[in-house]
Amino acid sequence: MSRSVRTRPEGSGQALSEAYDTALLDLDGVVYAGGNAIAYAVDSLATARVGGMHLAYVTNNALRTPDAVAGHLTELGIPTGASDVITSAQAVARLIAEQVPEGARVLVIGGEGLRVALRERGLEPVDSADDGPAAVVQGYGGPELTWGRFAEACYAIARGVPWFASNTDLTIPGARGIAPGNGAAVEVVRIATGAEPQVAGKPLPPMHRETVLRTGAERPLVVGDRLDTDIEGAFNGDVDSLLVLTGVTDGAQLLAAPPHRRPTYVDADLRGLLTGQPEVTEVTEDGVGFRCGGWTATAGAERLELEGDGEALDGLRALCAAAWTAAGEGVCELDSGKALARLGL
C-alpha cells in the first residue's frame, strides 16, 4: 500500500510526550554535541520521563557499548540503563546471527561495541581472514583503526565470505569538527573488492526492527537531527518523527526534503517533546498559501514568499507546507534564502 505524500508538518493538541509512549532518540546533535549536553536536553528528558514517556537512545555509532553510552548519559544528568541504548552494532549482530550457524566466527573490523554485540548473539569475534570466519562485519572503530584491518576484510570477502556493515554514515562529528565515519571506511573496502555489504543501521529497516524489539514501543516517536538517517529511518519504519534543529539539518535542507525525508513535526530542541504542535492551515484569499501562527507562506514562480511576523519556528512550518506542496513527490527547488533570512534561520 502506497503512503500519501506529506505536504506539511502536522499539529498536535497533546504534548508529544503524552501522544507517544516511547521516544527513540538519536544522540549526537539531539541529546549531546561534542560530548556535552545540548541546551534544554537534560531538563526536557527528565520531564518527559516523569510524565511516563519511555526514553530509548538509538545510535548508528557501533564503537561504544550500550554500557558505555549509558554511563556517559548518566554523567550528563540523564539517568540511563544499558537496556535503554540501542546501537547499530546490536542490529547488525542480529542480522548476521539470522544467516550464519550458532557459534560461528565473525571477522570484526571495528571496535568493542561490535564484539560485545556479537557475543550477545552467541557469535565469536575474530581478527584475521585466516581464522575461518563465516561473516565479515565492519563498524566505526575510531581513529586508531589501521589500514591493515581493511585488508583483512578484503581478503575474507575475496574468498566469498559475506560482508555486513553496521551503518554507512560517511561522517561523524567530533570535538574538533567532522571526521570520516564508518561509511567512508566501507567505501574503501567496496572499492577494493567490488562487493556490496548488507547494512543494518539507520535509515534501513533492521535498525528500526531492533529498536522496536528491544523497547516494546507501541506508539514510538523518532527524534533526530538528520534527515538522511533519523527521519528517513522513521519513514521506512512507518512511524512518526520529530526533527530538532540542534544538529546538522538547516532550514534550507528541510524545505528541500523529498517525501521520504519529511518529518511529522519540527521544533527547535527537545523542549518540543513537552508541548503540542501548532496546526499549519491552508489559506486561499490571495492564491494558495499556508499559515502557522502569525506567518503566511506561499510558493511563487521563483522563490518561497513569507509574510507576517511571530515565532520563527511557525514561519518555518508554514514554509515547509508551501515548499512540500509545491514539490509534491519531488524536491522543492524554489529559492528560500530571503524567506529564511526573515526568520533568522
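## Helix α5 and its surroundings

Helix α5 (residues 112–120) has G113, L114, R115, A117 and L118 as its buried residues, where buried means under 20% relative accessible area, exposed over 50% and partly exposed in between, with a 1.4 Å probe and protein chains only. Those buried residues pack against α4 (88–97), β6 (105–109), β7 (124–126) and β8 (135–138). After α5 comes G122, with a positive phi near 80°. Helices (H or I, at least four residues) and strands (E, at least two) are DSSP runs numbered from the N terminus.

A note on the model: it is predicted, so local features need pLDDT of at least 70 and side-chain atom pairs count only at pLDDT 80 or more, while totals for chains, interfaces and linings use all residues. Residues are numbered from 1 along each chain as its sequence is written, and side-chain values use heavy atoms, leaving out hydrogens and water.

## Aromatic pairs

Searching the whole structure turns up 2 aromatic pairs, meaning rings of Phe, Tyr and Trp (its six-membered ring) with centres within 6.5 Å; planes under 30 degrees apart are stacked, over 60 edge-to-face and the rest tilted. The Y20 and Y265 rings are edge-to-face because their planes stand at 75°, with centres 6.2 Å apart. This pair links distant parts of the chain, 245 residues apart: Y20 is in the loop between α1 (16–19) and β1 (22–25), and Y265 is in strand β15 (residues 265–267). Y20 and Y265 are both buried.

W147 and F150 are also edge-to-face, since their planes meet at 80°, with ring centres 5.6 Å apart. W147 is exposed at 64% relative accessibility, whereas F150 is buried at 9%.

Definitions and conventions. Contact = heavy atoms within 4.5 Å.
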